[in-house]
Amino acid sequence: MSFPRVNSLKTPDDFRRRLGELNVTLPFDETVESGPDSPLGRKYERPAGAIGNRFCILPMEGWDGTEDGRPTDLTRRRWRNFGTSGAKLIWGGEAVAVRHDGRANPNQLVLNESTLGEIASLREELGAAHRERFGSTDGLLVGLQLTHSGRFARPRDKKRLEPRIAYRHPVLDPKFGIADDSPLLSDDDLSRLIDDFVAAAVLAKQAGYAFVDVKHCHGYLGHELLSAVDRPGKFGGSFENRTRFLRDVTAGVRAAAPGLDIGVRLSVFDYVPYRPGPDGTGEPSAAGPYPYAFGGDGSGVGIDLAEPQMFLDVLEGLGIDLLCTTAGSPYYTPHLQRPATFPPSDGYQPPEDPLVGVARQVKATAELKARHPRLAVVGSGYTYLQEWLPHVGQRAVRDGMADFVGLGRMVLAYPELPADVLAGKPLARKKVCRTFSDCTTAPRNGMVSGCYPLDPFYKARPERQQLALLKRGTDDA
Ligand SMILES: Cc1cc2nc3c(=O)[nH]c(=O)nc-3n(C[C@H](O)[C@H](O)[C@H](O)COP(=O)(O)O)c2cc1C
Ligand code: SF4
């Protein structure tokens, strides 16, 4: 299946016509405004203080820390780029494991007493880069994303999963080679993990972060617990039990790190895992009723936001006002999570025009925001829109469908896009991310992540040749 490239949709009419053909709606402004009073330039007021504009940098790791969980020069460069982007909300920087067995790869950052100084310096360098470029850090809010990778943990070997799971999953267990009960986390294990999240939050506060994101997305442990409908005991079954992890972490953080804000990044819907079909196009890997998708309608390929809306009620009840929406998982439904023209090497050809994937996230986010107007809501998945990103983002914010436009891949390719938009400059077309997925393919094959096609710094690295060979091999296969 192939689809018209977004950069072939040259005019607003072309773009709207394509949406019409697809029968999807996206908010859209023909003209993008600039300056501090524009929809994207305006402050967001919250009780804890104003956030300076409506651009947010989404968390993105680079598989480039040291084996003992410290940042390297590559990590620092990425964080400095986040600082010079012009965005005033930095959602978590990147996933940082609260302990060794929860690392998604042997190069993921870990927050503990011995890495504290260096994790703190990442925030300081980001702030310094921002100050140098924009004169001050007023209105800049920087959080840290705390994670345990659960069934996707690879703490010691890039190629070897060492899963820790909340429940036996009928599709994901066979897909990822889990054959027995040994990786199941007991209730006591989860209680200890809650303590580890709290301890990490205390350190994050010491490191100067304004908030921690208690990660609940992308198939990692916090997210998996939300779909633990069959799990016995106090962390499974009822909605109350499945959200106990969040409530207990929050209570612990409030007691041990008063004044530290809490945010949650949530996969607001999920589908059954996908796999490449006979011609390589993604297709559901199981048919029939599917109860394991949080925010799913039970079919495996549809959405029901009733539980995510309840989850947001829980957030409000806990005094949490920072929400970042995302969807699915990069491991089993990448087309939901990061719509792209070109799949990563472990993915599948898009089963739908990726514009449909963008619209799905935008719509779900708007429905959640409508019922929870007091939450500060960051939307994700906009990068595929390319040149049309500011047009859609501005209208979404103007219409209150989201409060912030989250930027993922786009800032790897084009870090200063927010500053350019706010200054009223035309986009630098050569820097616009074309969703080649090299930033995902590289780490899937043991290399550090980065924008190899467009960022001159990564273009010059030897991994670029390795990637080219790898892709040729895939194409020939
Ligand atoms: C290289 C790379 C690393 C990522 N790392 C993280 C991460 O550490 N934590 C997280 O929550 N999401 C992570 N994501 C997902 C992004 O935050 C974002 O949700 C996704 O890329 C979709 O947004 P986009 O369309 O703007 O790229 C990562 C994405 C990429 C491409
Ligand atoms: S490698 Fe660069 S162009 Fe490709 S998806 Fe990642 S950021 Fe975008």
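These legends accompany several close-up views of the predicted model shown above. In this predicted model, local features need pLDDT of at least 70 and side-chain atom pairs count only at pLDDT 80 or more, while totals for chains, interfaces and linings use all residues. Residues are numbered from 1 along each chain as its sequence is written, chains are lettered from A and ligands numbered from 1 in the order in which they are written, and side-chain values use heavy atoms, with hydrogens and water left out.

**View 1. Helices α5 and α8 meet at an angle.** Helix α5 spans residues 187-206 and helix α8 spans residues 244-256; helices here are DSSP runs (H or I, at least four residues) and strands likewise (E, at least two), numbered from the N terminus. Their axes come within 9 Å and cross at roughly 40°. Axes are lines fitted to C-alpha atoms, for helices over the stretch in contact, and angles run from 0 to 180 degrees between N-to-C directions. That makes α5 oblique to α8; angles under 35 degrees count as roughly parallel, over 145 as roughly antiparallel, 65 to 115 as roughly perpendicular and the rest as oblique. From α5, look for L193, I194, F197, V198, A201 and V202, which meet F245, D248, V249, G252, V253 and A256 of α8; contact means heavy atoms within 4.5 Å. These contact residues divide into 10 nonpolar, 1 polar and 1 charged. Ala, Val, Leu, Ile, Met, Phe, Trp, Tyr, Cys and Pro count as nonpolar, Asp, Glu, Lys and Arg as charged, and the others, Gly among them, as polar.

View 2. Helix α2 (residues 73-84) packs on helix α3 (residues 116-134) at an angle of about 40°, with the axes 7 Å apart. The two helices are therefore oblique to each other. Among the α2 residues that meet α3 are R76, W79 and F82, and the α3 side includes L122, L126 and R133. By class, this contact has 6 nonpolar, 5 polar and 6 charged residues.

**View 3. F15 sits in the largest nonpolar core.** Of the 112 residues in this core, F15, L111 and F311 touch the most other members. A nonpolar core is a set of buried Ala, Val, Leu, Ile, Met, Phe, Trp, Tyr and Cys residues joined through side-chain atoms within 4.5 Å. Helix α5 supplies the largest share of the core, 9 residues. Leaving aside neighbours within four places in sequence, F15 is in contact with L9, L26, F28, L355, L385, W388 and V392. Apart from this core lies another of 13 residues, among them Y44, L141, F211 and F404.

**View 4. H218 and T435 have positive phi.** Neither is a glycine, yet phi is about 65° at H218 and about 50° at T435. H218 belongs to the loop between β6 (211-214) and α6 (221-226), and T435 to the loop between α14 (417-422) and α15 (438-444). H218 is buried at a relative accessible area of 5%, and T435 is buried at 1%. Buried means under 20% relative accessible area, exposed over 50%, partly exposed in between (1.4 Å probe, protein chains only).

**View 5. L225 is a buried residue of helix α6.** L225 lies in α6 and has a relative accessible area of 1%. Not counting residues up to four places away in sequence, L225 touches A166, L190, F235, R242 and F245.
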